[in-house]
Amino acid sequence: MEVSGDRPVGADSIGVAISGDNARVVVLPKEAVDWVYSVQVPQGAGYLPESASGVFVGREQELTGVRETLTGEGAAAVVQSAHVQARAIHGLGGVGKSALALHYAARYRHSYTLVWWITSESPEAIVKGFADITVRLCPQWARTVGRDERAAWAMAWLQAHPGWLLVFDNVEDPAHLRPYLGTLHGGHHLATSRRATGWHRLAPCTALGLLPLDQASELLCAIAFQNSDPTDEQRNAARLLATDLGCLPLALEQAGAYAYRTGADLDTYRQSLGLVLDEHDDVEDAERTIARIWDHTLTAITARKPLAVTLLHTMAWLAPDDIPRTLLAPLAPDTITLNSALGELHAYNMVAFTDNQGINIHRLVQTVLRTRCWQGVSSEGFVRGRGEAERAVYQALPAPPDGHQSEPVAVWERLLPHVQALAETTPPSHPATVETAGLFHQSAQYLYRQGRDAHAIDLRAASLTQYEGVLGDTHPNTLNSRSNLAGAYYAAGDLGRAIPLMEANIAKREEVLGDAHPNTLISRNNLATAYREAGDLGRAIPLMEANLAEHEEVFGDAHPNTLISRNNLASAYQEAGDLDRAILLKEANLAQSEEVLGAFHPNTLINRNNLASAYQEVNDLGRAVPLMEFNLARFEEVLGTIHPDTLTSRNNLAGAYFAAGDLGRAIPLMEANLAQRKEVLGATHPDTLTSRNNLASAYQEAGDLGRAIPLMEANLAQAEEVLGTTHPSTLIMGNNLVRARRAVVALRLPDPAPSATETNLRGSADDGGQFS
């Protein structure tokens, strides 16, 4: 991920790589490039989520340590990368990580050209944070482009204007920051995270613990007695309460806010907690200490605004960040009432508001409410707040695209975290409903349409559980849901779970629908394809031949489903070495696909890609390469540059260049495709294994055994783990490694030691066109 630091003379555009759920490259036009270099901001400009002028007690040592590390001053300085100044703050939820980062940013704001706060719970949230920089600095252009373009412009601006501070708040996975710490070198990076591990290669860490008792008491007094100096008696009561609350800053803030709002006496408040817990448990168990406050807080809120508690219990089942107000609107009679109830929660520090009409709720609040959900189970078995959350999200789902309007991607991407949270937190006793099954199914279908079916496994599994619970094991919707889950496992390369699920589902479909029902035929085709992917051609080809005959009888010779079945059989013939039959079948199938579906239909593109691969296998590169080049351009146009089918097409073109001896074009294409496959499919997906194998073979052909052999060794180990030791692809990779090692001996070269980069590939993993 690189952006030019010095403006290229005469450049009309620059390309910027951004990282979210998928890696992509954005090309900025000339006018945007001009603004990258011309836009200036006042010293200390930027965005922080709230004022840091409120109560902040202690933490001076931690603040000093952060400052010295980032600036390279004093005894706390840590040797880092030559260009990256970064620091991570980790600790228990509610311990004050974000407050420390906010106070640092506010204290040293005028030491930086720009200070920007980025909520960082996911890769896409980080991209959004960068995009918001562009909205602030270059609004005239930002209004005309999408989020990716805005994020790319911001990254280019940061490289061109050093001296900034980026605060990445609530980082779920340290690896999500690697692309940015590796690219943006001109400023300081400060991250907060609940994760204590995974930072050693990125940044030094500050482990933030509980406040010392004196500071905890001071914080509690500062919030509870904002308009007066506490008496000695009040200070003593605060000290006792702080001890009972485990000195956890979030718990102290909640208690102080309650006392200030209601005028409650701290000692009376402490006595009314009514729980006798071991002192050490209080310190270690954050959920129990906070729960002791929230019982009283919720009682006070209920008396004032009962709807606020309903909203809080509903939000407990959603993702903690950026809950749209519109999502909660059906729970209130009108907007005024909704805002009033949310305002009550905000006054007690139970929620926070975002700039885009969203609500954040602390994860510990959610955890406590969910773990106590048994207290609010209705007579029908519905857990308090859960049904409201499911119905609210279901009602907010966009209608499926009908071909006349584009997919509302922005709406979907904002809703998905809340759908996924529902899937991950379903109570075991919660009754299943058709609406909730549809909620998970429709969301998984969106991911499928985006080429991210492998990412939809949890949603597919949740949908199947709901359908089984409400419709039974053999209802058509249940059968379809089970088939979709198997397909998601297949897309993820998990054949060990996909194949048994497919086999079980076919048996049920044959029983319920009959042997020749269209859905039964589709399921049988999918199973045969999975057998082929697993290298079991002995079961795949006979099943495909029988299934094609049934497809032709049931659907007709040129039906799209028949074309798919015929294409799969032709590919199996090719893998079995029967190239004459494979090519004739693929040529006929492509002609029919172009006639029935059109020349640029995704299925036609797949058929054309497969025919070109067959041409390559018989060494007819004169037909293979132009067909692949033409087809790749169509894939990128129709499906996008990072769709799995586009990645397969690009992989095959790189393989054709390799076969033609054109390593100058093959290797860069392979390197880029491997990086994209790891990002989109995962490091151990079979297609990623294939891409890595192909790249290693290309390195070997180029005489670079120092890079080829470590890559082959790592890839073979992963293939044995993922595919098994007897899978054809594993055997090919093993043979490639043996030949590469023999080449080392023949040339009397020293045995190449893995470089740091190559060693990192162990534990990561990659489609057709493997080189023998």
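Helices (H or I, at least four residues) and strands (E, at least two) are taken here as DSSP runs, numbered from the N terminus. On that basis the secondary structure of the protein comes to 35 helices and eleven strands. This is a predicted model, in which local features need pLDDT of at least 70 and side-chain atom pairs count only at pLDDT 80 or more, while totals for chains, interfaces and linings use all residues. Residues are numbered from 1 along each chain as its sequence is written, and side-chain values use heavy atoms, with hydrogens and water left out.

**Overall surface and burial**

- Of the 772 residues of the protein, 50% count as buried, where buried means under 20% relative accessible area, exposed over 50%, and partly exposed in between (1.4 Å probe, protein chains only).
- The accessible surface of the protein comes to about 32700 Å², of which 51% belongs to carbon and sulfur atoms; such areas come from the Shrake-Rupley method with a 1.4 Å probe, and for residues only the protein chains shown count as cover.

**The six-stranded sheet**

- Six strands, in the order β3-β5-β6-β7-β4-β8, form an open sheet in which the pairing is parallel; two strands are said to pair if DSSP finds at least two bridges between them.
- The edges are held by β3 (45-47) and β8 (205-207), and each has a single partner strand, so one side of each is left without a neighbour in the sheet.
- From one strand to the next, the twist averages 15 degrees, with axes being lines fitted to C-alpha atoms, for helices over the stretch in contact, and angles running from 0 to 180 degrees between N-to-C directions.

- Helix α2 (residues 60-71) lies across β4, β7 (188-193) and β8, and runs at about 155 degrees to β4; contact here means heavy atoms within 4.5 Å.
- Helix α3 (residues 97-107) lies across β4, β5 (114-119), β6 (165-169) and β7, and runs at about 160 degrees to β7.

**Cysteines**

- The structure holds zero disulfides, a disulfide being a pair of cysteine sulfur atoms within 2.5 Å.
- Cys 138 is buried, with a relative accessible area of 0%, and Cys 221 is likewise buried, with a relative accessible area of 6%.

- Asn 589, found in helix α27 (residues 579-596), counts as buried at 2% relative accessibility.
- The side chain of Asn 589 reaches the backbone oxygen of Leu 563 at 2.9 Å, where a polar contact is a pair of N or O atoms within 3.5 Å; within protein, one must be able to donate a hydrogen and the other to accept it, and residues adjacent in sequence count only if both atoms are side-chain atoms.
- Leaving aside neighbours within four places in sequence, Asn 589 is in contact with Leu 563, Arg 566, Asn 567 and Asn 607.
- Thr 562 lies in helix α26 (residues 560-575) and counts as buried at 0% relative accessibility.
- Not counting residues up to four places away in sequence, Thr 562 touches Leu 548, His 551, Glu 552, Phe 555, Gly 556 and Asp 557.
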